[in-house]
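Look over the sequence and the structure first.

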Amino acid sequence: MLNIALGKGRLAEITLKKLNNIGIDFPEYSPESRKLIFLNEDRDIRLVLVKASDVGIYVERGACDIGIEGKDTLMENEPNVYEMMDLKFGKCKFAVAAPKDFEKEKNKKIRVATKYPNVAKSYFEKKGEPIEIIKINGSVELAPLMGLADVIVDIVETGTTLKENGLIIIEEISDVSARLIVNKASLKTKRDEIAKIMDALNANI
Ligand code: PRP
């Protein structure tokens, strides 16, 4: 049996559609369901729905053979897995955003609120800019509005959340999209099944 880890949230629906397109469907799945494990009996494939930032650890530890994960959480968590394919969907970008009137004060550390402390730290370190990281777990756009931070590092997809909260992008960090990751041992032991899925996805990009 081949186990696939998929993050609940922004990539789930589109990934299931892509799998469906290549003949891998999970008849019991529905967005309303609270089930976490779904089977495709014909192909002997099991899909597990995990928290998006946990996909990497399931694949790293071999609980799943394959994972579909955003480059954002891959960059943040750096799981020990093979990143095999850019699936070219779930496109967004990492950016630094701030209130329109933000001005950097000289000799003062910028306070950066983010769900991605490692990404933020490495970005500002490369620029040689000292910062203070404030790790939060969601609704990051709120932090500068409430005086918790000066700027945020977050993913931006449509830009609507920034716009509706009066923030603007001040620096772009990198592009983000969904990636197919594979457990290192599984790539050897289940090579044929994995290759078949990758070829089909590739033809479907
Ligand atoms: C993400 C991200 C932004 C928003 C960007 O949050 O952290 O808040 O989506 O999307 P947009 O540019 O299309 O508006 P998510 O929806 O994952 O929720 P969260 O804030 O609770 O983490």
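## The ligand shell

Strand 9 (151-156) and helix 6 (160-164) each contribute at least two residues to the shell around the ligand. Strand 9 gives the largest share, three residues. The model is predicted.

In total, 13 residues surround the ligand. The closest are Arg10, Lys115, Asp154, Thr158 and Thr161. By type, the shell holds two nonpolar, six polar and five charged residues.

Where does the ligand sit? Its place is in the largest pocket.

| Residue | Protein atom | Distance to a ligand oxygen atom |
|---|---|---|
| Arg10 | polar side-chain atom | 2.6 Å |
| Ser139 | backbone N or O atom | 2.9 Å |
| Thr158 | side-chain N or O atom | 2.5 Å |

On its own, the ligand has 490 Å² of accessible area, and the protein covers 70% of that.

## Asn3

Asn3 belongs to strand 1 (residues 2-8). Is Asn3 buried or exposed? Its relative accessible area is 10%. The cut-off for buried is under 20%, so Asn3 counts as buried. The side chain of Asn3 also has a partner: a polar contact of 2.8 Å links it to the side chain of Arg46.

Notes: Residues are numbered from 1 along each chain as its sequence is written. This is a predicted model: local features need pLDDT of at least 70, side-chain atom pairs count only at pLDDT 80 or more; totals for chains, interfaces and linings use all residues. Side-chain values use heavy atoms; hydrogens and water are left out. A residue is near a molecule or strand if one of its heavy atoms lies within 4 Å of it. A polar contact is a pair of N or O atoms within 3.5 Å; within protein, one must be able to donate a hydrogen and the other to accept it, and residues adjacent in sequence count only if both atoms are side-chain atoms. Accessible areas come from the Shrake-Rupley method with a 1.4 Å probe; for residues, only the protein chains shown count as cover. On a 1 Å grid over the protein atoms alone, a cavity is a set of points where a 1.4 Å probe fits but cannot get out, and a pocket is an open set with protein on both sides within 12 Å along at least five of seven lines; lining residues have an atom within 4 Å of a point. A molecule sits in a cavity or pocket if more than half of its atoms lie within 2 Å of its grid points. Helices (H or I, at least four residues) and strands (E, at least two) are DSSP runs, numbered from the N terminus. Ala, Val, Leu, Ile, Met, Phe, Trp, Tyr, Cys and Pro count as nonpolar, Asp, Glu, Lys and Arg as charged, and the others, Gly among them, as polar. Buried means under 20% relative accessible area, exposed over 50%, partly exposed in between (1.4 Å probe, protein chains only).
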